[in-house]
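Hi,

Here is the structure I promised to pass on. Have a look at it first, and then read on for what turned up in it.

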Amino acid sequence: MLKTEDKLKIEMLHTMAPSQLASFQMLYQPLIGKDAACLYEVLSSMSVMNAKIKNHRILPELTGLSIERIEKSRHVLEQYLLMKTYYQGMSNTYIYQLFAPKEGDDFLRHEVFGRLYMSKMGKQVYEFNKLTFSRSSLNKEQYEEITIPIENVLKENWEERQEEQFLKLRPDSTSISGDMRLH
């Protein structure tokens with residue numbers, strides 16, 4: 001059970017484009033509800049601010065939600081792939097990892113989200129948003145792709161010695177950003 005004293009860190013992995021904000025408001029919000037939408041917006045805003053957040057105490061104040069409703073809303077955001085939650089028991093710390101919403105066209109084509117949206121909002125609203133979020137693209141069915149892959153660039157300019165060096169220097173997922181030291 002989440003408590004206001006539980007420590008909190010927030011990480012936003014991608015910035016939100018205006019089209020993703022429209023997708024969030026017009027497609028996600030009717031499905032996730034106002035509480036989850038409010039929590040997502042507050043967490044997103046907090047993730048870009050320089051203020052250090054120590055615990056969950058500020059969230060009820062900023063969202064107007066009880067700590068229980070915050071936890072339920074967090075679960076909803078996780079189910080809609082807008083957030084992942086990590087917990088470390090020794091330090092009693094949560095990490096909320098936020099993801100940008102899907103583009104509208106991708107959301108409506110999604111196997112689950114598209115069906116849920118049509119079921120809740122009806123065929124007319126679904127059709128309206130299908131037109132609203134459609135991306136125009138050229139029909140390439142009659143064409144053969146002849147693009148040269150990037151691997152050809154490496155084959156011509158890459159040696160085994162460089163590969164070994166690269167593997168040693170390449171950042172991994174455990175690297176902490178902002179902690180670079182020159183030797």
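Strands β2 and β3 are joined by 6 bridges and run antiparallel; two strands count as paired if DSSP finds at least two bridges between them. β2 and β3 form a hairpin with 4 residues between them, and Asn92 in the turn has a positive phi of about 55°. Helices (H or I, at least four residues) and strands (E, at least two) are DSSP runs, numbered from the N terminus.

Before you go further: this is a predicted model, where local features need pLDDT of at least 70 and side-chain atom pairs count only at pLDDT 80 or more, while totals for chains, interfaces and linings use all residues. Residues are numbered from 1 along each chain as its sequence is written, and side-chain values use heavy atoms, with hydrogens and water left out.

Now the other partner of β3. β1 is joined to β3 (residues 93-98) by 6 bridges, and these two run parallel. Here Lys9 stands opposite Ile95. Put together, you get an open sheet of 3 strands in the order β1-β3-β2, with mixed pairing. β1 (7-12) and β2 (83-88) are at the edges with a single partner strand each, so one side of each has no neighbour in the sheet. On average, neighbouring strands are turned by 15° against each other, direction ignored.

What lies across this sheet? Helix α1 lies across β1, β2 and β3, at about 85° to β1. Helix α3 (residues 67-79) lies across β2 and β3, at about 125° to β2. For these angles, axes are lines fitted to C-alpha atoms (for helices over the stretch in contact), and angles run from 0 to 180 degrees between N-to-C directions.

Ser47 touches Ile10 and Met12, leaving aside residues up to four places away in sequence; contact means heavy atoms within 4.5 Å. The C-alpha atoms of Ser47 and Leu98 are separated by 8.7 Å, although the two are 51 residues apart along the chain.

Next, turn to α6 (residues 123-133). Which of its residues are buried, and which are exposed? Tyr126, Asn129 and Phe133 are buried, whereas Lys123, Gln124, Phe128 and Leu131, on the other side, are exposed. Buried means under 20% relative accessible area, exposed over 50%, and partly exposed in between (1.4 Å probe, protein chains only). The buried residues of α6 pack against α1 (18-48), α4 (104-109) and α5 (113-121).

How do α1 and α6 sit together? Their axes come within 12 Å and cross at roughly 175°. That makes α1 roughly antiparallel to α6 (angles under 35 degrees count as roughly parallel, over 145 as roughly antiparallel, 65 to 115 as roughly perpendicular and the rest as oblique). Ser19, Ala22, Ser23, Met26 and Leu27 of α1 make the contact with Phe128, Asn129, Thr132 and Phe133 of α6.

Finally, the whole chain. The protein chain has 8 helices and 3 strands, in the pattern β-α-α-α-β-β-α-α-α-α-α along the sequence. Of its 183 residues, 28% count as buried. Among contacts with a separation of 6 or more, 68% are between residues 24 or more positions apart.

Cheers
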